[in-house]
Amino acid sequence: KIKPDEIAGKTDYDFFSKELAEKYRTDDKRIMESGKAEDIEEKYILDGQELIVHTVKTPVKDEKGNTTGILGVFWDITEQKKAEEAHFLLASIVESSDDAIIGITFDGIVLSWNSGAQKIYGYSDDEVIGRPISFLAPADRSNETLQLLEKVRRGERILHHETMRIRKDGRQIYVSLTISPIKDTAGRIIGVSAISRDITGRKRAEE
């Protein structure tokens with residue numbers, strides 16, 4: 001970390017590698033010539049750690065409109081970018097899963113529906129999101145979903161609960177459900193994740 005009084009009178013070459021300092025000079029020259037501000041995102045290695053910085057560089061003009069310098073504002077967005085990458089990776093895993101991974105509110109309303117859910121139940125996400133998840137249950141199990149969600153609301157986790165569901169084509173299938181609470185950064189339960197695995201083949205073999 002550099003103190004303000006340590007910067008005065010110094011140049012880029014005093015703080016950065018030759019390659020990075022020359023890059024800064026090239027960027028600044030381009031901005032001064034164009035007279036337009038630029039947003040720049042760059043990666044650095046600082047004390048052996050990767051640092052991702054978002055920079056906004058704006059040309060400074062005098063009263064005659066001549067560009068006389070550059071004003072740079074820097075934000076450390078390392079943690080934000082890591083969170084975005086982790087979210088993207090998780091979303092990719094969810095979407096590529098053969099299991100149905102469904103986001104649900106405590107009222108049983110479907111919030112998200114992956115490709116695995118479409119394969120198992122036959123419905124597209126447009127047909128399901130916003131509907132009560134209970135529509136997949138047979139008539140004799142219509143209250144089962146809300147009962148399971150109430151357990152999760154109390155902090156329980158439902159593991160490998162075997163039950164029956166109805167596909168879009170009307171065929172009944174056996175599924176194994178794992179239902180877990182979704183928590184925000186403060187630890188509050190804000191929703192439910194339900195993972196369904198089609199076990200029809202196994203149940204038929206057992207029968």
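This is a predicted model: local features need pLDDT of at least 70, side-chain atom pairs count only at pLDDT 80 or more; totals for chains, interfaces and linings use all residues.
Residues are numbered from 1 along each chain as its sequence is written, and side-chain values rest on heavy atoms, with hydrogens and water left out.

Helices and strands are named here as DSSP runs numbered from the N terminus (helices are H or I runs of at least four residues, strands are E runs of at least two). Two strands are said to pair if DSSP finds at least two bridges between them. Strand E6 (residues 158-166) runs antiparallel to strand E7 (residues 172-183), and 7 bridges join them. Within this pairing, Glu162 has Ser176 in E7 as its bridge partner. The two strands form a hairpin with 5 residues between them, and Gly170 in the turn has a positive phi of about 90 degrees. Strand E7 also pairs with strand E8 (residues 189-198), in the antiparallel sense and over 9 bridges. Here Thr178 stands opposite Ile195 in E8. The hairpin of E7 and E8 has 5 residues between the strands, and Gly187 takes a positive phi near 90 degrees.

A positive phi is also found in a residue other than glycine: His160 has a phi near 55 degrees. His160 belongs to strand E6. For each residue, burial is classed by relative accessible area (buried under 20%, exposed over 50%, partly exposed in between, with a 1.4 Å probe and protein chains only). His160 has a relative accessibility of 57% and therefore counts as exposed.

Aromatic contacts were examined next. A pair of aromatic rings is described by the distance of the centres and the angle of the planes. Rings of Phe, Tyr and Trp (its six-membered ring) pair if their centres lie within 6.5 Å; planes under 30 degrees apart count as stacked, over 60 as edge-to-face and the rest as tilted. The whole structure holds 2 aromatic pairs. In the pair of Trp113 and Tyr121, the ring centres are 5.7 Å apart and the planes stand at 35 degrees, so this pair is tilted. Trp113 is buried because its relative accessibility is 7%, and Tyr121 is buried at 1%. Tyr123 and Phe135 form an edge-to-face pair, with 5.1 Å from centre to centre and 80 degrees between the planes. This pair links distant parts of the chain, 12 residues apart: Tyr123 lies in the loop between helix H3 (115-121) and helix H4 (125-128), and Phe135 in the loop between H4 and helix H5 (144-153). Tyr123 is buried, with a relative accessible area of 13%, whereas Phe135 is partly exposed at 23%.

Charged side chains also meet aromatic rings. A charge sits over a ring if NZ of Lys or CZ of Arg is within 6 Å of the ring centre and within 35 degrees of the ring normal. The charged end of Arg131 is placed in this way over the ring of Phe135, 3.9 Å from its centre. Likewise, the charged end of Lys203 sits over the ring of Tyr174, 5.6 Å from the ring centre.

Side chains of opposite charge can pair when their charged atoms come close. A salt bridge is defined as a side-chain nitrogen of Lys or Arg within 4 Å of a carboxyl oxygen of Asp or Glu, and the structure holds 18 of them. One of these joins Asp169 to Arg167, with the closest N and O atoms 3.2 Å apart. Asp169 is exposed, with a relative accessible area of 52%, whereas Arg167 counts as buried at 14%.

In helix H6 (residues 200-206), Arg202 and Glu206 lie 4 residues apart, about one turn of the helix. Their side chains meet in a salt bridge of 3.2 Å, N to O. Arg202 is partly exposed at 39% relative accessibility, and Glu206 is exposed at 52%. Glu206 forms a salt bridge with Lys203 as well, the closest N and O atoms being 3.7 Å apart. Lys203 counts as buried, at 18% relative accessibility. Elsewhere, salt bridges that share partners join Lys23, Asp27, Arg30, Glu38 and Glu42 into one network.
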